[in-house]
Amino acid sequence: MTWQPLIISLKVTAVATALASLAGLALALWLARGRFRGQSLVETLVSLPLVLPPTVVGFYLLSALGREGPLGRLFSINLLFTWPAAAIASAVMALPLMVRASKAAIEGVNPEVEKAARTLGSAEWEVMIRVTIPLASRGILAGMILAFARALGEFGATLMVAGNIPDKTQTIPLAIYDAVQLGRLDQANALVLAVTLVAFAVIWSVNRAQRGW
Amino acid sequence: MLEIDIAKRLGDFHLRLAFTAGREILVLFGPCGAGKSLILQCIAGLMQPDQGLIRVNGQTFFQAEGGRVLQNVPAHRRGIGYVFQNYALFPHLTVAQNIAYGGRGRPGLEGKTRRLLERMRLQGLEARYPAQLSGGQQQRVAIARALMIEPAVLLLDEPFSALDSAVREKLQGELLGLQRELGLSVIYVTHLLADAFALGDRMAVINDGRLEQIGPKQEVYQRPATRAVARFTGTRNIFDGQVLVVKGREVHINWCGQRVTALAEGLAQGDQVSFCIRPEEVMVVRPDRPRGDSIKENLLSGSVVREITRGATYTIFFRADALPEADYHLEILLPSHAYERLGLASARRSTVSLKKTAIHVLPKP
């Protein structure tokens, strides 16, 4: 019985949620408030992981992250088959959910209120931080929960880029699959229970926090 | 002192106008969609004109010529107070936080917020959120918030249109007091004539992106320059005719075969003219009394077609016998007591007089 998959999963999910949230929020602000050429192209690209089979996304990432890929060359490190690769894969899979939810929330912010902030001396970045983001916070938080959920359950793309190396890159979903394949039902039961508890605790505390507002 | 001379094209709509405003309340009055709010947005820097000049107290906020923008100060550095149509309060901030927003990071913010709360009679509501306020309270918060930045120019976009009349009158009085006290230039947009009259020193009538007329409100009201102004300021009776004779200041106009005498200058025989008379200026002649000289002018006999009452007043629709067949020719506004004394309800035949001093000949066709 080992708890390594739980620790790896928490690590991967936390980093992936953080990455997807930051990148997703920036993209959502840009897409919701900007007017530029190729806007719908960017939106379609960002949404693709939602529709493509995870293994296809994993395959793209495999080429991008490898030593010969653009990212691998840029940083001259090989991320493949390490837990950061799993985190990146999960973040890419979670990104569209974050972007969609927060973009809708940002678009729902009354533009008159943003204009009011401008007449009261706020430059664009300050309008964003003081007005737009606080007013869209519920939708942004919902996007983060969805991103977290997607990252926690990520299987296919992670398997492609990070493999299934016990104690290194084996996350809970992969470990559960392995355990079932090997007939180790006690291990599977424990991990299923653990991941259910984590998911329940996160969603429950977010809901509690939101009700307090 | 605000100077503006701008042009802006938005699809089919073309805004093109110029005016100046001193330390006064200038009302921009006109129908919905005339471009009034667009003007405010250009002044505040929320919308960029295609060309022209916007200057406040000698400082150029915007200047563009021949498609080249020479100067464009962004909205957050213009320091112009703006009260939005639906107030646009920050829903996530309390009343006090809303008011303090414009002065954030400045010394003495707390005291200033308190003074504005008191000035706008908002004590006790500091900790409330905008959603917990009435319309009139939200409006006062919006004004207090705009005053926090100590603007030289305060712009108000239909500020009272969503309020009931009692609250509206009270707020109008307060705004008037504020303007006098702080020496502000207030530009006030409305499509309601009553609001325009309650507040303005001067009135600019805007129609379809153009300035139809600007001047003291009484002058605009009594001597509209164009048909559109006459219509917007409530003159229902606008007619076309041709000048028959000019005798000094007196002109005789052929109105569909009826001779009408009016006072006007700069007209010649044969000119096509438009003239108008306000509904409240039409006199109904009492049948039982000998007529005085003043109401012998431009007599028309005919019949009352129908009437509408609004409590204190009656609007009567009058058809003249001598004019070509129509549903009615004149709209007449009477106080209720006059309506009852004249016995119009029963005697539907009557005679009206269009005093020549009450007839206004429009300078432009």
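A residue counts as buried if 20 or more other C-beta atoms lie within 10 Å of its own, as exposed if 12 or fewer do, and as partly exposed in between, with C-beta atoms placed from the backbone. By that count, 40% of the 213 residues of chain A are buried, and in chain B buried residues make up 38% of 365. This is a predicted model, in which local features need pLDDT of at least 70 and side-chain atom pairs count only at pLDDT 80 or more, while totals for chains, interfaces and linings use all residues. Residues are numbered from 1 along each chain as its sequence is written, and chains are lettered from A and ligands numbered from 1 in the order in which they are written.

**The two chains at a glance**

- Chain A has eleven helices and zero strands, whereas chain B has nine helices and 21 strands; helices (H or I, at least four residues) and strands (E, at least two) are DSSP runs, numbered from the N terminus.
- Along the principal axes, the C-alpha atoms of chain A fill a box of roughly 65 × 45 × 25 Å, and those of chain B fill a box of roughly 75 × 50 × 35 Å.
- Two residues are in contact if their C-beta atoms, placed from the backbone, lie within 7 Å.
- Among contacts with a separation of 6 or more, residues 24 or more positions apart account for 76% in chain A and for 62% in chain B.

- Two packed helices are described by the angle between their axes and the distance between the axes.
- Here axes are lines fitted to C-alpha atoms, for helices over the stretch in contact, and angles run from 0 to 180 degrees between N-to-C directions.
- Helix α3 (residues 54-65) of chain A packs on helix α5 (residues 83-107) of chain A at an angle of about 130°, with the axes 11 Å apart.
- That angle makes α3(A) oblique to α5(A); angles under 35 degrees count as roughly parallel, over 145 as roughly antiparallel, 65 to 115 as roughly perpendicular and the rest as oblique.
- α3(A) passes α5(A) in a right-handed crossing; a crossing is left-handed if the near helix is turned anticlockwise from the far one by less than a right angle, and right-handed if clockwise.
- Residues making this contact include A:Val57 and A:Leu61 of α3(A) and A:Ile88 and A:Val92 of α5(A).
- The contact of α3(A) with α5(A) has nine nonpolar residues, one polar and no charged, where Ala, Val, Leu, Ile, Met, Phe, Trp, Tyr, Cys and Pro count as nonpolar, Asp, Glu, Lys and Arg as charged, and the others, Gly among them, as polar.
- Helix α1 (residues 4-33) of chain A and helix α8 (residues 137-153) of chain A pack at about 140°, with their axes 9 Å apart.
- α1(A) and α8(A) are therefore oblique to each other, and their crossing is right-handed.
- Among the residues of this contact are A:Thr13 and A:Ala20 of α1(A), and A:Met144 and A:Phe148 of α8(A).
- The contact of α1(A) with α8(A) divides into nine nonpolar residues, six polar and no charged.

**Around helices α10 and α11 of chain A**

- A:Ile172, A:Leu174, A:Ala175 and A:Ile176 are buried in helix α10 (residues 172-181) of chain A.
- The cover over the buried residues of α10(A) includes α1, α9 (156-162) and α11 of chain A.
- A:Gly183 follows α10(A) and has a positive phi, near 70°.
- A:Ala194 sits in helix α11 (residues 185-211) of chain A and is partly exposed, with 17 other C-beta atoms within 10 Å.
- Leaving aside neighbours within four places in sequence, A:Ala194 is in contact with A:Leu6 and A:Ile172.

**A sheet in chain B**

- Five strands of chain B form an open antiparallel sheet in the order β16-β20-β17-β18-β19; two strands pair if DSSP finds at least two bridges between them.
- β16 (283-285) and β19 (330-335) of chain B each have a single partner strand, so one side of each is left without a neighbour in the sheet.
- Neighbouring strands of this sheet are turned by 50° against each other on average, direction ignored.
- Strand β17 (residues 299-309) of chain B is joined by five bridges to strand β20 (residues 349-353) of chain B, and the two run antiparallel.
- B:Leu300 stands opposite B:Val352 in β20(B).

**Where the chains meet**

- 14 residues of chain A are in contact with 16 residues of chain B.
- On the chain A side, α6 (111-119) and α7 (124-135) are the elements that give two or more residues, and α6(A) gives the most, with six.
- The residues on that side of chain A divide into seven nonpolar, four polar and three charged.
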